[in-house]
Amino acid sequence: MLICLTASHKNAGFDTLERLSAHAETAAPRILDRHDTLQGAIVVATCNRFEAYLDLDTPEGDSPVPAVHEAIRAVSDVAGLEPDELRATFGFVHGNAVAGHLFSVASGLESVVVGEGEIAGQVRRSLERARAEGTTTPELERLFQRASQTSRRVKNQTGVGGAGRSLVRLALELASSRVSDWSAARVLLVGTGQYAGATLAALRDRGANDVRVYSPSGRAAKFARNHDITAVSHSGYAVAAAAADVIITCTTADHHVVDRVLLEGGRATLSASHTAPDPSASAVLAEFRAWCPVPEAAHDARQLVIDLGMPRNVATDVVEVDGVELLDLETIRRHAPLEELGATDDARVIVDRAARNFGAVGEELDLAPSVVALRSHVQGVLDAEISRARSRGTGDAVVDERVEAALRHMAGVLLHTPMVRSREYARSGEQRAWIDGLEAVFGVRADELH
């Protein structure tokens, strides 16, 4: 049985989502430890969403509620939230509706900015993480494989996402009311992950060409080389932050990477270098003289800080610094033009059709009966041949225990490859090909098993 526990911008507060997102990577293994019927778990966590997809092996007639409550308790433990709070927050999707929900999420139809492109990659990486942790199952594999296929179909066959809609682009659209000329703006990008790449592309589309990058984890140099921009060193970070007209953060760091102390310290260093140059600091400051030729100008200009991180990358005290304005995910979410960027009817049709097909195929293509049928077929052939040899033989010709053991071992060896391939085909969602091959080669069908 598939179940989804979902908290998103539609039913949860920003603080709750932040707590859930911060601990998402450790949630799935903890969930599986809580109840015997919980066979698999994949967690999808984004800046506006936390979802746990569960595969339960619940005996017929038994309620899944105890297992679900244990899963919620596991999430509450890792996130430091009260179970009752999460039970009141989580939406509950079960059965065939789970496929429709995930396909819609992966296609960007449930995002703050409908049709955003980043979510499909986040869903794919959630499956990869579950594989690495060993928390997925064949049914969850099939579910997430079909979700990726559906999102690609929606992207290729409809207008959803065709205009490059994303949270990043919405943020820059909102920021454009504060930045009159992107081509003249000094931009500091903090972070080097997928969102950083999407942000840089969106900045260039708007004409920004003076962009530098800083990485708290030390990856700035590589990112800068790959994208033909300038990297900022750890020693120059505070000065770069103070000199920038726009700072955009999008890291996975679990601490604030921009705060009041950083900005005020950088401004003080810039001012001191102008009024009383410090030779020991010249190497760092030289890095920014061309970028910010008049250091004290940073004090007079407005400075915009855009926080795209989850959990928050920017401390709220930055707004206490003169001229600094903060645009964070909570603010962006409130201004999302949902109706203007609404999903097309064609996209919904594709998702609904794919979900119905997933349910129908799932009912037809459970590999377990076919695996049992193949084993029974091979075992039946083996037993028949051993009985026939015993009935005909005398003396040394009688099949002794050693020969019988060798024959049974050989049968096991021959079955090994089909069994491995069954798991591979289930992982890729291609159960039908394995079942058809079984019937073509051995003439075995699960519905003929007695």
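What covers the buried residues of α10?

1. The cover of the buried residues of α10 (220-227) includes β5, α9, β6 and β7 (230-231). Contact here means heavy atoms within 4.5 Å. Helices (H or I, at least four residues) and strands (E, at least two) are DSSP runs, numbered from the N terminus.

2. A word on the basis: this is a predicted model, in which local features need pLDDT of at least 70, side-chain atom pairs count only at pLDDT 80 or more, and totals for chains, interfaces and linings use all residues. Residues are numbered from 1 along each chain as its sequence is written, and side-chain values use heavy atoms, with hydrogens and water left out.

3. The buried residues in α10 are Ala220, Phe223 and Ala224. They cover an arc of only 100 degrees around the axis, and therefore sit on the same side of α10; the arc is that of the directions from the helix axis to the C-beta atoms. Lys222, Arg225 and Asn226, on the other side of α10, are exposed. Buried is under 20% relative accessible area, exposed is over 50%, and partly exposed is in between (1.4 Å probe, protein chains only). An α-helix has 3.6 residues a turn, so residues three or four places apart point the same way.

4. Asp228 follows α10 and lies in the loop between α10 and β7. Asp228 is not a glycine, yet its phi is positive, at about 60 degrees. With a relative accessible area of 69%, Asp228 is exposed.

5. Helix α9 (residues 194-205) has twelve residues and spans 17 Å from its first C-alpha to its last, close to the 16 Å expected. The expected span is 1.5 Å times one less than the number of residues. Tyr195, Ala196, Thr199, Leu200, Ala202 and Leu203 are the buried residues of α9. Seen down the axis, they fall within an arc of 165 degrees, so they line one face of α9. Their cover includes α6 (118-133), α8 (167-175), β5 (187-190), β6 (211-214), α10 and β8 (246-249). Just after α9, Gly207 has a positive phi of about 100 degrees.

6. The largest pocket holds about 1,000 Å³ of space. Of its 34 lining residues, Glu25, Thr251, Thr252, Ala253 and Met310 are the closest to its centre. Two or more lining residues come from each of α1 (14-22), β2 (38-46), α6 and α9, and α6 gives the largest share, four residues. By class, the lining has 13 nonpolar, 16 polar and five charged residues. On a 1 Å grid over the protein atoms alone, a pocket is an open set of points where a 1.4 Å probe fits, with protein on both sides within 12 Å along at least five of seven lines; lining residues have an atom within 4 Å of a point.

7. Thr58 lies in the loop between β3 (49-56) and α3 (65-79). Its relative accessible area is 19%, and Thr58 is therefore buried. Not counting residues up to four places away in sequence, Thr58 touches Thr37, Ser63 and Pro64.

8. Arg408 belongs to helix α18 (residues 401-427) and, at 32% relative accessibility, counts as partly exposed. Arg408 touches Gln379, Leu382, Asp383 and Ile386, again not counting residues up to four places away in sequence. The C-alpha atoms of Arg408 and Val378 are separated by 9.8 Å, the two residues being 30 apart along the chain.

Conventions:
Grid points are joined across faces, edges and corners, and a volume is the space filled by probe spheres set on the points. Ala, Val, Leu, Ile, Met, Phe, Trp, Tyr, Cys and Pro count as nonpolar, Asp, Glu, Lys and Arg as charged, and the others, Gly among them, as polar.
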